[in-house]
Structures are given as structure tokens and as C-alpha cells.
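Colleague: Please take me through one part of this model in close-up. I would like the aromatic cluster and the core around it, in one connected account.

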Amino acid sequence: MLTGAAVLLGVTAGQAQAAEVAYATKCVPPPGIGLPDVNGTTKVEITAPATAKVGDTVDIVWKFTQAASKNPDIIDLPADSVQPSGTLKAAGAQTADIAMVGTRTNPAIPKGSDMVLSNMTGTLKLTAVGQVTLTPDAYVVNALSTNTNCAPTEPVQPAATITVTAANSGSSSGSPSGSTSPSTSTSPSNSASPSSSSSASPSASATGDGQTDFTGKVVDIPYTCDTPLGIRKATSPIQINAKKSSGSYDLTVQFKKSVMDSPIDIPAGKVKPTMQVTLGGADTGSVKVEGPLNSAAIPQGQPIEIPDLVGTYKPGATGESTLSPGVLTIEAAGTTTTCTPDKTAVSLTLNTQEQASGASGGSGSSSTSTSGGLAETGSGDHGALKALGLVAGTAILLGGAVFTFMPRRRAS
């Protein structure tokens, strides 16, 4: 089939007709992910009644026989994760934009393989006698909660024609043979915005009066996250708490109001968060805290809740030492995302006593800075990390992919 050519199959009056049209198409991935536009050929088969009467409402089926591009070589798309929607143009005796919607039904689509899109259905109420042509137009592919927009880059030929007669002419109308009922599903909008609320908890500091438990304040930290598919921005509320044990402190970093919706099914044991808590004030360096692997599988579309991160801080200086959120690393399903604070804030201040071989923490490997290290990024205003409320989710679209962050609230 040449681009833009259309073939109308022979039909008898009142029967369904199926015709295919091919047209050059540009598909535009979501902005900000660094992927180029995709230019390809869309092939569509339109099924509609050959004849009908004024006043009839006819069913129309749009079948993709070829999408404009393949699934990129980035991630396998799981089953039932892709939904198309689009517009069919009616012209001639009457004009209309017919909304066409498909179901979120597809087999698993390996990376690098052909995209598989469900049939789209719609209806048209006929209002005038004459020939009504049906021409495919722009369409949207919703995959893993993100949209790719595809539109023709050349004039498209009509793919079907309905001959409409007067209501009393005796002609009968019919739904397409074998066509499905119009779908009422719509492409969901699954966007979410990061929480920016902060706690009014007072800043915590050790008093040196025998206190052993110290509660940090919640601080909102803006992050720039370097994902496998681009740079993303997000803000997360974070809190650092400490419990004194001899001369050291057991740290707990909590994720307060942010979680991530999983873009795909993630098996148990595939998500691992770690963070470097930044030291400031009298002390320098950082302390590594980490959380356990996810103990249960996370279904697509369900929140990924980050567990509390724990580690041990062994002071390397005597005086007021501050703890602030630092660099967060998320390893999820074979990918790594690194989030660096654009600016930070002190969550907890402790009156520390220098310990032998102290500073930079005692549990897990962590970096030591001889000149303040990460603490320099926020001068003396460094606090502990209470929760990055977003983890990257990978979303593949027709002709593009995006690493999306979808923070959601959870009860503190």
C-alpha cells in the first residue's frame, strides 16, 4: 500500500465495508525526555456500513494494521499497558470529528518489536442524505501513564464511504460485521505533583542532659534526579531522627509524604534505596543510610513506598554537628537513579563528642570530606533526609520513552 493510498473493498448495500489507508505520521514523545520525534507510516483499516439512513447511528471500527514506530530498545512493555485514542474525520454530506477510543488491551511488547494497539471504536449519527467519507486523523498512545501524540504529515485519503439515504427510503443500516461495541474507556490521566508541604516540627538538637532520642524537623528538599532517560525535578519532605548509643547515633531517615506509582509490575527484591546524610557544623563528611529491598511484588499503578533508611553516625568532631538530606540513590529493576539536592536544610542538630575513627558514619561505606564535602552545598544549613517522595518509573510510549516521577501522599 503506497503512503496515502486507500482501497475500498466491494460490498453490497447495507453490509459492512473494510478499507485500509496508509499515511506518513510524526509521533512526538513527551517533552523533557530528550527523545527525537519519530517519523513513520501508519496503516489503518476502517470498518463501517456501506449504506445507512438519515437518523441512524452507525458503529465504526478503526484497526491499526501498522503503527508509526516500533517499541524502542529501552524496556519491555507489559501486557495491557497501552491504550490508543484518536479522531476520525467525517466529510461530504456532513462533517464531524468522531472520537475513537480503544481498550487497554495488548500482549507483552518486547523492546525493539512492533507496537500492538487495540482496535478503536466510535459512533456517528447520520444527519444528511449523500456520501459521507471517513478519514483517519491524529491519535494518541497512552502507555504507562504517559502520552505520545501522533499526527499525519501529509493529506490522508478517505478510508471508507457511507451512502446515506432518506429515512423513509427503505434502506437498512447495519453495524460493521464482526465489529466490537464502542468502548467507553478513556485514556487515564495519571499525573501527580510533588508535595511541597513542610512540617512545623521544631528543629531538634541534643541538649547534653542525658537525652538519648532526638527527633528532627521535616524539611522540603528540591532534587534534581539523573535518570537513565533524562533529568527530572522534584521536591520531597524529609526527616532525620537519631538515637544515641554510647558515643554514636543510630539514624533513621523517613520518607514522609511521597511515594511513587509503579509504571510496571516490579517483583519482590528489586527496589533498593540508599542515601548519604550530609554532615555540617562541627563535623564534616557524610553518613550512609539504606533501606531493605522491597519484600513484596509491586503491581503496575500501585504506590512504591520507600521504607525507613537506617545507618550509624560516629561523630568525628566535638561541638554542634548538623545532619541534612544528601544524595539519594534508587536502584529499581536493573536501573539506577541518582537524585542530588538543589539546596538542602538542616533536619537535626546534635551536640557531639569526637569518637576514634569517627565522622562519615559507622555503618556501610560512606565518603569523607576534608573540607566539608557535601555540606558545602548548603553552607551551615544542612539537615537530614526524611523522604524522597519520588522514584523513577519508566514509561514507554509509541516512538519514545520517559522516566516519570509520580509522587503521592501517604499518611505520616
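Modeller: One term comes before anything else: buried means under 20% relative accessible area. Keep in mind that this is a predicted model.

By that cut-off, tryptophan 62 is buried, and phenylalanine 64 is buried too. Their ring centres lie 5.6 Å apart. The planes meet at 45°, so this pair is tilted. The next pair brings in another residue. Phenylalanine 64 and tyrosine 139 have ring centres 5.0 Å apart, with planes at 65°, so they sit edge-to-face. The angle decides the label, because planes over 60 degrees apart count as edge-to-face. This pair joins distant parts of the chain. Phenylalanine 64 belongs to strand β5 and tyrosine 139 to strand β9, 75 residues apart. Both of these residues are buried. Taken together, ring pairs link Trp62, Phe64 and Tyr139 into a cluster. In total, the model has 5 aromatic pairs.

Now the core. The largest nonpolar core has 38 residues. Trp62 and Tyr139 are among those with the most contacts inside it, along with Ile46, Ile60, Leu124 and Leu134. At least two residues each come from β2 (16-28), β3 (38-49), β5 (57-66), β6 (82-92), β7 (96-102), β8 (120-125), β9 (130-143) and β11 (160-165). Strand β9 gives the most, with 5 residues. As a general point, nonpolar side chains in soluble globular proteins tend to be buried together.

A polar side chain can be buried here as well. Glutamine 83 is in strand β6. Its relative accessibility is 1%, so glutamine 83 counts as buried. A polar atom of the glutamine 83 side chain lies 2.9 Å from the backbone oxygen of glycine 102. The side chain of glutamine 83 also makes a polar contact with the side chain of arginine 104, at 3.1 Å.

For contrast, look at a loop position. Threonine 153 lies in the loop between β10 (146-152) and β11. At 46% relative accessibility, threonine 153 counts as partly exposed. Leaving aside residues up to four places away in sequence, threonine 153 touches Ala24, Thr25 and Lys26. Between threonine 153 and threonine 41 the C-alpha to C-alpha distance is 9.8 Å, although they are 112 residues apart in sequence.

Note on methods
Residues are numbered from 1 along each chain as its sequence is written. This is a predicted model: local features need pLDDT of at least 70, side-chain atom pairs count only at pLDDT 80 or more; totals for chains, interfaces and linings use all residues. Side-chain values use heavy atoms; hydrogens and water are left out. A nonpolar core is a set of buried Ala, Val, Leu, Ile, Met, Phe, Trp, Tyr and Cys residues joined through side-chain atoms within 4.5 Å. Buried means under 20% relative accessible area, exposed over 50%, partly exposed in between (1.4 Å probe, protein chains only). Helices (H or I, at least four residues) and strands (E, at least two) are DSSP runs, numbered from the N terminus. A polar contact is a pair of N or O atoms within 3.5 Å; within protein, one must be able to donate a hydrogen and the other to accept it, and residues adjacent in sequence count only if both atoms are side-chain atoms. Rings of Phe, Tyr and Trp (its six-membered ring) pair if their centres lie within 6.5 Å; planes under 30 degrees apart count as stacked, over 60 as edge-to-face and the rest as tilted. Contact means heavy atoms within 4.5 Å.
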